[in-house]
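Open the model in your viewer and get ready to select residues.

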Amino acid sequence: MSRVLPVLGSRRARHVVERNALFYRSQWLMFASGFVEPLFYLLSIGIGLNHLVGSLTVGSHRVSYAAFVAPGMLATSAMNGAVIDSVFNPFFRLKISHAYDSILATPLDVDDIALGEALWALTRAGLYAVSFVGCMFLLGDTSSPWAILEIVGALATSFAFSALGLAACTYLRSWQDFDLITLVSLPLFLFSATFFPLSLYPRALATVVAFSPLYQSATLLRGLNSGQFDGWMILRLGYLVALGLVGLAVAARRFRRILSP
Amino acid sequence: MSTSSDSVPVVRARGVTKRFGEFEAVRGVDFAIAPGESFGFLGPNGAGKTSTMRMVSAVSTPTSGSLTIFGLDPAIHGPEIRGRLGVVPQEDTFDLDLSLRLNLEMFGRYYDLPRTTIRERTTELLEFAHLSDRAEDKVDNLSGGMKRRLTIARALINRPELLILDEPTTGLDPQARHLLWERLYRLKRDGVTLIITTHYMDEAEQLCDRLVVMDHGRIVAEGAPRQLIADHASREVLELRLGSEHHDEVADQLGSFAERLEVLPDRVLLYVDSADDTLARLHQAGWRPERTLQRRSSLEDVFLRLTGRTLEE
């Protein structure tokens, strides 16, 4: 048997990735827009607020606000991209077009579909992360060559959110329920220390924020952006990967319940 | 590896059940299907046909009992089994983002087929389904009959040894049905084993070498269509519409004219050896039915006899 991991699908999952690539070949404009997106993030918030805020302290370094906020934007972009890819399209194919039902008549298993969708989201996110970090470099928002490792951090972020999104999409009943996704992702975006340091939050709130995967991601990326390594990074990375694995296991279970009762 | 020879049934089920929570959709069925056979499952909606089909397609697992497909256990060899069969589900479900051609090609990829093989077969199958001129269209724009043909074409991309069709012609106009039947004959001639569920009697009689009648999750009869009719119905049927009178009340009086009689809401069916003779005797006895119909017995009558219900109920 060609299982990558027990319960988490087999090599056949690659055909689901292939299917999505095939689809986006005819949607190249939409696909390409993802590469321009980082510029929107970086130019709007970075340049705009940079003059008002000045510089900030990250660890032992002082960095410009633009360099502070850029990793936060990278984390946010990785989250948004992953959620859109793993919630909207799979929901359509799971509950509207029932395209997955026909795939199950082939050698592919439910786990393969779940893994394939997560891998696709990850592939796309990886490409965008490279572009994002490239833009940060060009705009002078990186202060260390280690910033290249932010691509890895962004991938872990995408993995976590795409797997969680995939699990979440199985609970949605109609298009109206998509508001629930916004209800979760918007506060995550606003309260994850992406715009300003955690030290500015009230103590009680700061404890809650520490559990936010987006906060862990932004902090991890920020450390890498200025090349300051510490032991926490491993934990933050581990947290994201663990969330992804849990999300994927839940998604596969839910997919099985819906598609193959 | 050779697991299927003439001695091994393509599908064998022994005491197979399927339960969804409290509801038992399939309540212990036994059957064996030989290579090259066309095997039918006949029954009304809710009889357990689709649940049985999903188990035979190695998509859902039986709650209890033993099931082998190509001599293999679907719980262990699911992907391998599915690689060798084709499934035409009741509902046509496609990848709506892709064209007809890409729907077929992508399906071939799910079976791990090489791209050149897929391209050849896709062209061939679009031809087979009479859809070559629509190849680059989106699936959404197709008519019901075209979608059905595309589903069948898709199910053939891996050259299956066993083709499972769940209600293949439901919702099709007569012309489209006959075109489909013709395609299925061709496959049968090529040695493909067919499993067909239907609630159309003529379809079962046309296509199936052998069939089982299912009702309430159980198999209530099994045999060749002609044999089932011979065993469970008379040679001919005389249908009477008696107008305004209550059919129930006249049933007693008509009893002596037939071997057996069924009272339906709108008509009375007399099971007789010769409908002509019976009608003559009825006329002699002073009966003046509003309308009459004389016909040969069909599977519909077998079903009525076995379950006490018509199929359309």
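The stops below cover the cavities and the residues around them.

This is a predicted model, in which local features need pLDDT of at least 70, side-chain atom pairs count only at pLDDT 80 or more, and totals for chains, interfaces and linings use all residues. Residues are numbered from 1 along each chain as its sequence is written, chains are lettered from A and ligands numbered from 1 in the order written, and side-chain values use heavy atoms, without hydrogens or water.

**Start: the cavities**

The structure holds 2 cavities of 30 Å³ or more. A cavity is a set of points on a 1 Å grid over the protein atoms alone where a 1.4 Å probe fits but cannot get out, and lining residues have an atom within 4 Å of a point. Volume is the space filled by probe spheres set on the points, which are joined across faces, edges and corners.

**Stop 1: the largest cavity**

Its space is about 80 Å³. In chain A, select Ala99(A), Ser102(A) and Ile103(A). Two elements give two or more residues each: α4 (99-103) of chain A and α3 (100-110) of chain B. Helices are DSSP runs (H or I, at least four residues), numbered from the N terminus. α3(B) gives the most, with 5 residues. The lining has 8 nonpolar, 2 polar and 2 charged residues. Nonpolar means Ala, Val, Leu, Ile, Met, Phe, Trp, Tyr, Cys and Pro; charged means Asp, Glu, Lys and Arg; the others, Gly among them, are polar.

**Stop 2: the second largest cavity**

About 40 Å³ of space lies here. Select Phe128(B), Ala129(B), Arg149(B), Ile152(B), Leu180(B) and Arg183(B). Helices α5 (144-155) and α6 (174-189) of chain B each supply at least two lining residues. The lining counts 4 nonpolar, no polar and 2 charged residues.

Note on methods. 1 Å grid on protein atoms, 1.4 Å probe; cavity = no way out; pocket = protein on both sides within 12 Å on 5 of 7 lines; lining within 4 Å.
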